[in-house]
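The sequence and the structure come before the details.

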Amino acid sequence: MTEGLRTEEFQVNMGPHHPSTHGVCRFILTMDGEVIVRAEPVIGYLHRSLEKICENRTYAQCIPVMDRFEYCTSMCCNEVFALAVEKLAGIEVPEYAEYLRVIMMELNRIASHMIWYGTTALDLGAITPFLYSFREREDILDMFEMTCGQRLTYNYIRIGGVSKDIPPEFIPKCKEFLATIDHKIDDYERMLTENPIFMVRNKGVGTLSPEMAIAYGVSGPSLRASGIKYDLRRDDPYSIYNRFKFDIPVCHNGDCYDRYIIRIKEMRESAKIVRQALEQLPNAEVNTGKMVKANFKPAKGEVYSRIENSRGEMGVYIQSTGDTKKPLRVKMRGGSYNQLQVMPELVKGVKIADVVAIMASLDIIMPEVDR
Amino acid sequence: MTFEELTTYLTEKFGDKLELLETGKFEPFFLIKKENLVEICEAVKTDDKLLIDFLCNIGAIDTGEKFEIVYNLASIKKNIRFDLKLVMEYEGAEVDSVQEVWPCSNWYEREMWELYGINIKNHDNLTRFLLPDEWDQGHPMLKNWDAPDFKRMPEVE
């Protein structure tokens, strides 16, 4: 029957408004039947020229701009910029403020992984997990709201410290949250980890070899899922991360399922760090640091600072000329940028439904790519 | 490796091909010449003591007088960080692609080409990237770029 039938490749446009692209990303897929031959990502739909905006602002004014860089973990974006400027200007951050920073960043990491957990399940057709994870994320956002008044773009970690102290009700609320989080994550796992449909959709799909991961600059949980134990919190410690004990989960297959396992484990590790930080929080001396003024001017110099974000290495390069109050250049680097770049390699030869699974497991969000 | 060990090692290995800059804070910044770029990149990647396998970031800078390009490099295996820098005139700004050494440089270089107008030699895909397809207003990251709706903020006193 099939003899003499003419076949040809055709193109499918996936996006820009596809619900699984987590923002607006378009793939031009060249298909041979249902199998993908080539994929070309088309980006820029969310480009807000944040780098140009930063060049036009003073250092203190750049922090709210950084919030918009990667809005799922705004705390980390604040931190990476503050860290770079503090290095440039040689500013010391008080110990108390460092602890608050770590608590906020780790809570933010859990919240970000909860978004990932919920949306991954949604992308694969399961709606219930989304409701569970967003219930707990709400608790974290409440804690942020009572601290800095914002739920998404916090502008909390500033150059020189944090904007204000935590309110008295924060610690009881946080302890209550930490007391139950492990059971909640057990619940999450019960829904997906050994779910046969979820396993079939993820195991052996989108396998990323360690060599390719490094070559394409993939970092964070996606790199650790490929068997490379590299975490900037341990390997290039910033802030006060060397004071905490935590494991760095590693898997070895590098497929979508391993990337799922890593992120679930990371949520537990982050909770561990928050617990230790709350215990060690110096109560005697409440010093949230001295914020820099609008006319602050760091000395001439350049620095690239990097931190471990929930999506991998987040970095910012700043160059200061020393004679203006605005940075000469701010270059942002996000983990999603490289994760999206490796996508065309990963989706070669898979079926179109797996593109959704692979994109979800790499945890790509578009504002970080387009900036 | 500490700052001093790394600086000594690299200076001994490459001699006058690189020059340590005073502006670098915390990690060493080296000024190199663009004709040596690919050679140095390959050498630091394959060197047993360095094994620079991870390209963190490439950023172009318009200082108002010249172009600068910064390569932030890291080694996952050896846990080393340092940076390379190129300086070039506006006129005929052109640089070799390092995508043979680190494939992820592809997108960084494409971005540089689009936003700064720096030509990339041996790059396989120099097409519109972050800006809209119909964009015709030049290279927006240049310091002298202007558009009717672009407002510069006043200087803070």
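How many residues of chain A are in contact with how many residues of chain B?

## Basis of the description

This is a predicted model, in which local features need pLDDT of at least 70 and side-chain atom pairs count only at pLDDT 80 or more, while totals for chains, interfaces and linings use all residues. Residues are numbered from 1 along each chain as its sequence is written, and chains are lettered from A and ligands numbered from 1 in the order in which they are written.

## Contact between chains A and B

On chain A, 39 residues are in contact with 33 residues of chain B; two residues are in contact if their C-beta atoms, placed from the backbone, lie within 7 Å. Two or more residues each are given to this side of chain A by α3 (74–89), α8 (210–215), β6 (301–309), β7 (312–320), β8 (329–333) and α12 (335–346) of chain A. Helices (H or I, at least four residues) and strands (E, at least two) are DSSP runs, numbered from the N terminus.

β6(A) provides the largest share of the side that touches chain B, with 5 residues. By class, this side of chain A has 13 nonpolar, 12 polar and 14 charged residues. Ala, Val, Leu, Ile, Met, Phe, Trp, Tyr, Cys and Pro count as nonpolar, Asp, Glu, Lys and Arg as charged, and the others, Gly among them, as polar.

## Sheet in chain A

In chain A, 3 strands form an open antiparallel sheet in the order β6-β7-β8; two strands pair if DSSP finds at least two bridges between them. β6 and β8 of chain A are the edge strands, each pairing on one side only. From one strand to the next, the twist averages 10°.

The antiparallel pairing of β7(A) with β8(A) runs over 5 bridges, and V316(A) has M332(A) in β8(A) as its bridge partner. α12(A) packs on the sheet and touches β6, β7 and β8 of chain A, its direction making about 125° with that of β7(A). Axes are lines fitted to C-alpha atoms, for helices over the stretch in contact, and angles run from 0 to 180 degrees between N-to-C directions.

## Sheet in chain B

In chain B, 5 strands form an open sheet of mixed pairing in the order β1-β2-β5-β4-β3. Its edge strands, β1 (18–20) and β3 (54–62) of chain B, each pair on one side only. The twist averages 25° from one strand to the next.

Strands β4 (residues 67–75) and β5 (residues 80–88) of chain B run antiparallel and are joined by 9 bridges. F67(B) has M88(B) in β5(B) as its bridge partner. Helix α3 (residues 105–116) of chain B packs on the sheet, touching β3 and β4 of chain B, and its direction makes about 5° with that of β3(B).
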